[in-house]
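Here is a friendly walk through one structure, helix by helix. Keep the view open beside you as you read.

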Amino acid sequence: MSSVASVHSLWTAAAGAPGKIPAPHIEYTQLAPTLIVLGAAVLGIVIEAFVPRRHRYYSQLLLALVALAAGFAAVIGLAAGGFGSSKAHIAAMGALAVDGPALFLQGTILLVSLVAVFTFAERRLDPAAHGNRVDSFAAQPAAVPGGAAEQAAVKAGFTTTEVFPILLFAVGGMLVFPAANDLLTLFIALEVFSLPLYILCALARRQRLLSQEAAVKYFLLGAFSSAFLLFGVALLYGYAGTVTYAGIAEVISDGAKQIDPALAGTMGNDALLLIGAALVLMGLLFKVGAVPFHMWTPDVYQGSPTPVTGFMAAATKVAAFGALLRLLYVVLPGMRWDWQPVMWGVAILTMLGGAIVAITQTDIKRLLAYSSIAHAGFLLAGVLATSEEGISSVLFYLGAYSFVTLGAFAVVTLVRDAGGEATALSKWAGLGRRSPLVAAVFAVFLLAFAGIPLTSGFAGKFAVFKAAAQSGAGWLVVVGVLSSAIAAFFYIRVIVLMFFNEPKADGPTVAVPSPLTTTAIAIGVAVTLVLGLAPQYFLDLAGQAGVFVR
């Protein structure tokens, strides 16, 4: 009763002296990248409500491109103003960090999303339906697949232009996620970018039931992971009496100096710290796609519309690894001896599990899904370096990997048969003879995934393995190299299938894309080759951005 009375007296005192309530201090300029993207997403919803249907596609496409380009320009402006180095600080009343890693990751997410919008907007791959150009998304997602309402929507030439504002909402959440500086902001950002992704996964024009199944699986498993993360947040609050990263780190290193009376019974209890940290890490490892939290990845990647799969595989990994790095390096460095052995096990299982299971795959999207799991393991090797070189190598690897992934999935959208995309590996036989250019471009991406020299994949893997070896994780590097060798087998197997097998008479055709998808693939190839041939400038850039503000 006494606590209720004290809360009541505080409430009445605050109400009686409104001048004493401090107004929130928000640095809007430093949060500009996120505010621009979220503002454009809200404007996109308004466009859906008021702009005539025939004008929505161009309005939404233009808005999305301008918003993402403006957000990237804002990131460049902040970095040029010194907010990535000398002026790095905690903004928005302690909720968000504006520092080198946050700006680097936000810039990467915005560039990846900008390229992803080109693949979302593609309308030349499917044959025109009733005289109307169609994209990868369902004509009317709320209609029952194959029902009369869907057929009427297709006949009327409807398109789901809502995908653009939904994409922008997801990007807004991803921008906050690696910059979050307290656990509640982290959780809110996780939900803000996860919910739009659940929706986007369910919107495939072809194979709608498979797409909806993917969305339901992703939603249910994502809800479990969010629950684990939130329960971990509650336990860490019980341990430290605060949800801010700096506050928790201080209690871990110095013990509870000032005991909060309401939490006197639990503060400083190591059991709460260990269980809470494990649950929060579990939630982040789910988003990363690390073994054993990876089971959603192949089904979701296969069932989602391919442009969504490419965006999700690239951008989500960047955001999730950014948040994981900040949690381990800012909140839990004092617990390194507790989390390092566990993360070693997760990294080894992820590298080997992704590489070995990928060998058995017969669907190109599932193969790329297991490939992404193996790459999560390679990235974890960089995370485990626990050094500035480890941070910068992971940042570089994320930038390189995301563009290769986007490009690879953009190529997958081009190979088609009567049922839509031909994702069965057997149908890719002889593709190099039917369409040498497309097969050669895909081969470049596969060689980059395999880490062959002169590609961005080699530079990225070399950087993370070097950082891990320098920090004493030699055995982890040995496992990583072995996993890379196993992975190289199935990448090269696909190249052999395309160039050295005879094409089948009833094989798929390669659709001629619009300049939008062509641009997305060209950017992927350019980044892959530039980061492979001349990586030093970008490694230096990642090195300068490799210090977290505390």
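## Before you start

This is a predicted model, in which local features need pLDDT of at least 70 and side-chain atom pairs count only at pLDDT 80 or more, while totals for chains, interfaces and linings use all residues. Residues are numbered from 1 along each chain as its sequence is written, and side-chain values use heavy atoms, with hydrogens and water left out.

Helices (H or I, at least four residues) and strands (E, at least two) are DSSP runs, numbered from the N terminus.

## Helix α3 and Leu68

Let's begin with α3, which covers residues 53-80. Its 28 residues reach 41 Å from the first C-alpha to the last, close to the expected 40 Å. The expected span is 1.5 Å times one less than the number of residues.

The buried residues here are Arg56, Tyr57, Gln60, Leu61, Leu63, Ala64, Ala67, Leu68, Gly71, Ala74, Val75 and Leu78. Buried means under 20% relative accessible area, exposed over 50%, and partly exposed in between (1.4 Å probe, protein chains only). These buried residues of α3 pack against α2 (32-50), α4 (100-120), α6 (163-176) and α20 (515-533). After the helix comes Gly82, with a positive phi near 90°.

Is Leu68 buried or exposed? Leu68 has a relative accessible area of 0%, so it is buried. Not counting residues up to four places away in sequence, Leu68 touches Val37, Leu110, Ser113, Leu114, Val117, Leu168 and Val171; contact means heavy atoms within 4.5 Å. By C-alpha atoms, Leu68 and Ala246 lie 31 Å apart in space and 178 residues apart in sequence.

Two packed helices are described by the angle between their axes and the distance between the axes. Axes are lines fitted to C-alpha atoms, for helices over the stretch in contact, and angles run from 0 to 180 degrees between N-to-C directions.

The axes of α8 (residues 208-240) and α10 cross at roughly 155° and come within 7 Å. The two helices, α8 and α10, are therefore roughly antiparallel to each other; angles under 35 degrees count as roughly parallel, over 145 as roughly antiparallel, 65 to 115 as roughly perpendicular and the rest as oblique. In the contact of α8 with α10 there are 18 nonpolar, six polar and two charged residues. For these classes, Ala, Val, Leu, Ile, Met, Phe, Trp, Tyr, Cys and Pro count as nonpolar, Asp, Glu, Lys and Arg as charged, and the others, Gly among them, as polar.

On α8 you will also find Phe228, which counts as partly exposed at 37% relative accessibility. Leaving aside neighbours within four places in sequence, Phe228 is in contact with Leu279 and Met282.

## α13 and its partner α14

Helix α13 (residues 336-358) has 23 residues and spans 32 Å from first C-alpha to last, close to the 33 Å expected. Its buried residues, among them Trp339 and Gln340, pack against α10 (270-288), α12 (306-331), α14 (364-383) and α19 (474-500).

How do α13 and α14 meet, and at what angle? Their axes are 7 Å apart, and the packing angle is about 155°. This makes α13 and α14 roughly antiparallel to each other. On the α13 side, the contact includes Met343, Val346 and Ala347, and on the α14 side it includes Leu367, Tyr370 and Ile373. The contact of α13 with α14 has 14 nonpolar, three polar and no charged residues.

## The enclosed helix α11

Six of the eight residues of α11 are buried, so this helix is largely enclosed by the rest of the structure. The buried ones are Trp296, Thr297, Pro298, Val300, Tyr301 and Gly303. They pack against α7 (183-201), α8, α10, α12, α14 and α15.

## Loop residues worth a look

Pro292 sits in the loop between α10 and α11 (296-303), and a cis peptide bond with omega of about 5° joins Val291 and Pro292.

Met93, in the loop between β1 (89-91) and β2 (96-98), has a positive phi near 55° although it is a residue other than glycine. Met93 is exposed, with a relative accessible area of 58%. Thr386, in the loop between α14 and α15 (388-412), is not a glycine but has a positive phi of about 45°. Thr386 is buried, at 19% relative accessible area.
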